[in-house]
Amino acid sequence: MTALAGILARRIAAAGPLSLAEYMAECLLNPAHGYYATRDPLGAAGDFTTAPEISQMFGELIGLCLAQSWLDQGAPRAVLAEAGPGRGTLMADIWRATRGVPGFHDRVTIRLIEASPVLRKAQAKRLTGAPVDWLESLDALPEAPTWFVANEFFDALPIRQFRRDGDGWREVVVGLQGDALVPGLSPRAPLAELQHRLADTRDGDIVETCPAARPAIEAVAGRIARQGGAALIVDYGDWRSKGDTFQALENHAYADPFARPGQADLTAHVDFEALARFAVPLSASALMPQGVLLAALGIETRAARLAQSLDGAALDAHIAAFRRLTHAEEMGTLFKALALVPDGAPLPPGFAARSAAKDDG
């Protein structure tokens, strides 16, 4: 039993089961024992690897995409913000790739939304010399034109899970079986927020909601709607939540999410339909597979150029990274991208200029 498991068991024994959202929040963000508060989770020595850590190409293309969007909106003095910036690799690649964009480095400042002191140190090392500051929350972003990027941020926000039972729902909760933390179900009850999901689900189907996603995306969308800018969200998930996607990763392998709280990464697939709905009055792009977006942004050309100076093991690793980012059997289809812009503003390069709602139902 981990230290956090003992704390949670005592809490459940005293006050009753926890919602999955409460459980996830403690496992990931507990100040003393939470997963993100106590370690650098990335890379071979960690538990998972994100696209920016796989290849510089990802951050370079995302950076140039954002910079062109900034130029398309008149190149204002602006904020370049990232939520959940990991080691700072994505922002470092964005900043390096955009150094040749006229005026970008002179008129843009970086804001990183990061709670982990461990990761803040790593980010500072990678962004030495860049105009960067750190914020505790998205609500702290300044009122300014904002170009926002989030890669694998929303998947780590705590979720609630509901199993359909007739015309009502039973929530998945975390309780005790002896000393062990185990999932269970609450009594059946109607839920107004899921009334619309009765039309596309059957008994036993699971629907996930993310209470923290709404205030997060609304904080960003409000600034962009008032001041200008764009949001680019890349994550794994789909247009609409359906099914149990709650999972744990430890040492790059799937694990029991209830066995070692605080020692494994906990995530769930992102409901992009909910993000687009919460972001109104911004306009949403079509939801695009990551591989399709990167192809539209020119990753094949960039990969070929980088390959010219490589051989042997380095070339093999480069080819493998290209495949991992783009291939349908790897990250190319599982990961999706959504762009949000003020009504009437052009979408960033690479994004389909049509309504996500129309395309995906």
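W95 counts as buried because its relative accessibility is 12%, where buried means under 20% relative accessible area, exposed over 50% and partly exposed in between (1.4 Å probe, protein chains only). This is a predicted model, in which local features need pLDDT of at least 70, side-chain atom pairs count only at pLDDT 80 or more, and totals for chains, interfaces and linings use all residues. Residues are numbered from 1 along each chain as its sequence is written, and side-chain values use heavy atoms, with hydrogens and water left out.

**Aromatic pairs**

- The whole structure holds 7 aromatic pairs; rings of Phe, Tyr and Trp (its six-membered ring) pair if their centres lie within 6.5 Å, and planes under 30 degrees apart count as stacked, over 60 as edge-to-face and the rest as tilted.
- One of them is edge-to-face: Y35 and Y36 have ring centres 5.3 Å apart and planes at 70°.
- Y35 is buried at 0% relative accessibility, and Y36 is buried with a relative accessible area of 17%.
- W95 pairs with F104 in a tilted arrangement, with 6.1 Å between centres and 50° between planes.
- F104 is also buried, at 3% relative accessibility.
- Y23, F246 and F258 are linked into a cluster by ring pairs.

**Confidence**

- The average pLDDT (the predictor's confidence in each residue, from 0 to 100) is 93 for the protein, and 95% of the residues score at least 70.
- Residues 354–361 have pLDDT below 50, yet this stretch has 18 contacts in the model beyond near neighbours in sequence; contact means heavy atoms within 4.5 Å.
- Where pLDDT is low, the predicted coordinates should not be read in detail.
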